[in-house]
Amino acid sequence: MGAAILPDLGAEILIPVCAVIGIAFALVQWVLVSNIKLSPARDASGNSPGAGGGKNGCTDYLIEEEEGLNDHNVVIKCAEIQSAISEGATSFLFTEYQYVGVFMVAFAILIFLFLGSVEGFSTKSQACTYDPFKMCKPALATAAFSTVSFLLGGITSVVSGFLGMKIATYANARTTLEARKGVGKAFIVAFRSGAVMGFLLAANGLLVLFIAINLFKLYYGDDWSGLFEAITGYGLGGSSMALFGRVGGGIYTKAADVGADLVGKVERNIPEDDPRNPAVIADNVGDNVGDIAGMGSDLFGSYAESSCAALVVASISSFGINHELTAMLYPLLISSAGIIVCLITTLFATDIFEIKAVKEIEPSLKKQLIISTVLMTVAIAIVSWIALPSSFTIFNFGSQKVVKNWQLFLCVAVGLWAGLIIGFVTEYYTSNAYSPVQDVADSCRTGAATNVIFGLALGYKSVIIPIFAIAVSIFVSFSFAAMYGIAVAALGMLSTIATGLAIDAYGPISDNAGGIAEMAGMSHRIRERTDALDAAGNTTAAIGKGFAIGSAALVSLALFGAFVSRAAISTVDVLTPKVFIGLIVGAMLPYWFSAMTMKSVGSAALRMVEEVRRQFNTIPGLMEGTAKPDYATCVKISTDASIKEMIPPGALVMLTPLIVGIFFGVETLSGVLAGSLVSGVQIAISASNTGGAWDNAKKYIEAGASEHARTLGPKGSDPHKAAVIGDTIGDPLKDTSGPSLNILIKLMAVESLVFAPFFATHGGLLFKIWN
């Protein structure tokens with residue numbers, strides 16, 4: 001078997017050091033962004049300190065610097081708009097977190113009661129689940145520690161989302177002001193701000209998990225299977241908060257967006273983000289609470305769960321049985337290496353490659369993905385070599401499977417590269433540089449109906465290659481290292497989470513920057529630059545969603561494996577009626593969930609449209625620009641609707657495993673999990689890509705960059721109006737239902753794993769009565 005090269009103490013030092021480096025790097029980026037002042041006091045040249053000197057697009061051949069760089073009114077106006085967006089986002093999140101806080105406390109009590117009752121709240125030691133000859137800590141301890149880790153995961157998730165939103169609202173106006181000096185400067189600000197969020201989230205998630213493991217170890221001692229079973233609550237907390245953040249934020253942002261687009265663009269023929277549009281502030285607030293806070297919590301949840309799934313399986317393999325700490329912490333060491341790799345990758349975007357023209361933006365973001373993946377492959381090889389024994393055994397449904405360290409390296413690498421493939425396929429189907437989106441744009445010639453047909457077809461077709469990529473990575477990783485292989489493949493996909501989130505957060509920041517430029521009355525040239533940043537951001541956001549969905553599929557499969565082991569199910573046989581009814585019901589759940597979220601967006605948008613129409617019709621001088629709209633009412637409509645409407649879909653996801661487990665038992669529940677995983681992944685990919693393609697088809701017509709695009713335009717033409725309708729239909733698909741589905745499949749699996757001891761002991765009441 002042999003021992004790992006890296007001593008236990010080395011692993012104990014390396015993980016927190018990497019996390020602290022990540023946090024420090026995030027703070028440095030934040031300081032660089034904050035050097036751009038949002039007050040009119042500027043030096044005569046108009047340069048802001050610390051914004052990159054003469055580098056990154058301040059050369060003469062870039063679009064020259066804007067006249068009136070020292071126009072104080074513009075800066076003051078930008079600052080005002082920024083504070084309005086920031087206040088709206090903060091107040092919404094505080095309202096949302098009050099409701100979510102009540103849920104967290106209630107659910108924490110539920111976890112404690114259910115898990116404590118497994119052994120009748122006994123404080124005596126019990127026989128270990130996987131080794132009956134040894135004594136382990138009582139079930140009551142697992143209940144207490146699972147509850148603590150659930151609260152820790154929830155709080156970390158909430159903090160991750162909130163910090164992301166704060167940074168994005170801090171950076172949006174600064175990006176607008178830098179756009180006056182060229183597209184390169186603006187890109188750097190938006191990307192640096194995204195990096196702040198990416199590194200804070202990755203490092204905080206790692207550090208909190210590491211500290212929790214060490215604190216729990218003080219009580220559990222040598223009982224590692226009990227320790228890591230209790231740690232799974234961390235993933236449950238992270239994902240349950242992410243669900244409410246994603247659904248609530250998604251409903252908020254799309255209600256405002258649909259309302260603003262339908263009345264503003266289609267009925268009144270005014271540009272997007274025109275200050276006369278009453279829903280414009282709510283729309284910009286929505287970008288921050290949905291795309292930033294929601295996405296941050298979502299990816300944190302995936303990261304926490306894949307780590308927990310890997311740790312649970314490792315604790316009952318040779319790593320846990322022989323108490324090999326370095327090998328046990330292998331998942332955390334991969335994440336630590338990922339932070340360092342992403343740090344180097346980020347420097348390529350901000351300090352090494354210069355962006356001198358608009359057409360270089362998207363390739364620069366794609367280079368980030370490729371560089372981080374290549375460097376990460378090397379890092380995984382090094383970590384696998386120093387942290388793992390040359391040969392070891394992995395728990396495989398009741399038996400131990402012998403695995404070599406190079407096989408585990410391949411498991412992680414296959415997940416990492418599958419993520420890149422999914423990212424690039426998503427980009428091909430959603431970027432307007434390629435034929436699929438151009439075909440969708442072309443279909444707008446004959447109206448909205450053909451646009452919708454083409455868009456739906458594109459979404460369904462875009463599922464094919466990602467599913468093959470996921471299937472191959474599942475087969476390879478399971479063949480080599482059973483369920484542990486799948487868990488570390490998911491971790492591989494998420495190992496470059498800091499770069500992925502930086503690219504992801506960059507999109508909404510650029511989108512907001514464009515809105516602020518329009519509202520502050522800056523010249524159309526500034527708007528063109530921010531639009532170019534935003535269009536690249538739109539595609540990269542779709543890539544981010546692809547990563548999130550792909551990793552969710554692998555994570556939930558790994559959790560499913562851990563659940564089956566923990567619930568002591570020998571085989572999941574589809575031919576038994578108990579399992580099959582679960583399978584068919586599970587496959588239905590993503591449709592039910594999507595129906596709820598789509599209808600919520602629809603009804604909230606309906607109220608928004610009515611309010612925007614009312615203001616245009618009743619406020620004299622609004623269209624002429626002499627009167628100000630009532631932004632606050634629209635913000636309130638979005639806030640109220642999203643808080644009210646996020647509860648039913650959330651309840652559906654959280655209650656399903658409990659109801660099925662208690663009344664129908666673990667076998668039916670295993671069917672439900674398998675069904676929801678299989679259908680949820682397909683719907684999530686097609687919904688996200690359909691929405692992304694419609695959005696970029698509209699932008700393709702608006703930009704008019706090619707001869708073909710100019711034949712469809714300009715803004716306000718019939719094909720453009722058809723494209724706006726497609727984009728509006730796609731909004732809830734790509735920003736509410738699609739991204740929330742990956743949380744549904746992960747959350748149900750991790751919840752089932754946490755409650756597995758209770759379901760195995762007391763579950764299946766109806767079948768017990770029936771028999």
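## Starting at Phe 145

Is Phe 145 buried or exposed, going by its relative accessibility? Phe 145 counts as buried, because its relative accessibility is 19% and the cut-off for buried is under 20%. Keep in mind as you look around that this is a predicted model.

You'll find Phe 145 in helix H3, which covers residues 139-179. Leaving aside residues up to four places away in sequence, Phe 145 touches Phe 216, Tyr 219, Tyr 220 and Ala 230. For a sense of scale, pick out Ser 364, which sits 219 residues from Phe 145 along the chain. The C-alpha atoms of Phe 145 and Ser 364 are 45 Å apart.

## Thr 142 in helix H3

Now look at Thr 142, whose place is also in helix H3. Thr 142 counts as buried because its relative accessibility is 10%. With residues up to four places away in sequence set aside, Thr 142 touches Leu 115, Tyr 220, Glu 229 and Ala 230. Tyr 220 and Ala 230 also turn up among the residues that Phe 145 touches.

## Helices H4 and H9

Next up is a pair of helices. In general, two packed helices are described by the angle between their axes and the distance between the axes. Helix H4 spans residues 183-220 and helix H9 spans residues 330-352. Their axes come within 11 Å and cross at roughly 170°. That angle is why H4 is described as roughly antiparallel to H9.

Who makes the contact? On the H4 side, the residues include Phe 187, Phe 191, Phe 199, Leu 206 and Phe 210. On the H9 side, Leu 332, Ile 339, Cys 342, Leu 343 and Asp 351 are among them. Sorted by class, the contact of H4 with H9 has 16 nonpolar, four polar and two charged residues.

## Aromatic pairs

How many aromatic pairs does a search of the whole structure find? The search turns up 28. Take Phe 107 and Phe 755: their ring centres are 6.0 Å apart and their planes sit at 90°, so the pair is edge-to-face. Phe 107 lies in helix H2 (residues 72-116) and Phe 755 in helix H21 (residues 718-762), so this pair ties together parts that are 648 residues apart in sequence. Phe 107 and Phe 755 are each buried.

Another edge-to-face pair is formed by Tyr 234 and Phe 300, at 5.7 Å centre to centre and with 85° between the planes. Since Tyr 234 lies in helix H5 (residues 224-267) and Phe 300 in helix H6 (residues 280-315), the pair ties together parts that are 66 residues apart in sequence. Tyr 234 is buried, with a relative accessible area of 1%, and Phe 300 is buried too, with a relative accessible area of 0%.

Time for some strands. Strand E3 (residues 391-396) and strand E4 (residues 399-404) pair in the antiparallel sense over six bridges. Which residue of E4 is the bridge partner of Thr 393? That partner is Val 402. Likewise, Phe 395 stands opposite Gln 400 in E4.

E3 and E4 form a hairpin with two residues between them. Phe 397 is in the turn and has a positive phi of about 45°. As for cover, E3 is mostly covered, with five of its six residues buried.

Most residues other than glycine have a negative phi. Even so, His 323 has a positive phi of about 55° although it is not a glycine. Where is His 323 found? Look in the loop between helix H7 (318-321) and helix H8 (325-328). His 323 is partly exposed because its relative accessible area is 27%.

Ala 482 also has a positive phi, of about 50°, although it is not a glycine. Ala 482 lies in helix H14, residues 464-494. With a relative accessible area of 0%, Ala 482 is buried.

Methods: Residues numbered from 1 in each chain as written. Predicted model: local features only at pLDDT ≥ 70, side-chain atom pairs only at ≥ 80, totals over all residues. Heavy atoms only, no water. Helix = DSSP H or I, 4+ residues; strand = E, 2+ residues; numbered from the N terminus. Buried < 20%, exposed > 50% of the residue type's maximum accessible area, 1.4 Å probe, protein only. Contact = heavy atoms within 4.5 Å. Pairing = 2+ DSSP bridges. Axes fitted to C-alpha atoms, helices over the stretch in contact; angles between N-to-C directions. Parallel < 35°, antiparallel > 145°, perpendicular 65-115°, else oblique. Nonpolar A, V, L, I, M, F, W, Y, C, P; charged D, E, K, R; others polar. Phe/Tyr/Trp six-rings, centres within 6.5 Å; stacked < 30°, edge-to-face > 60°.
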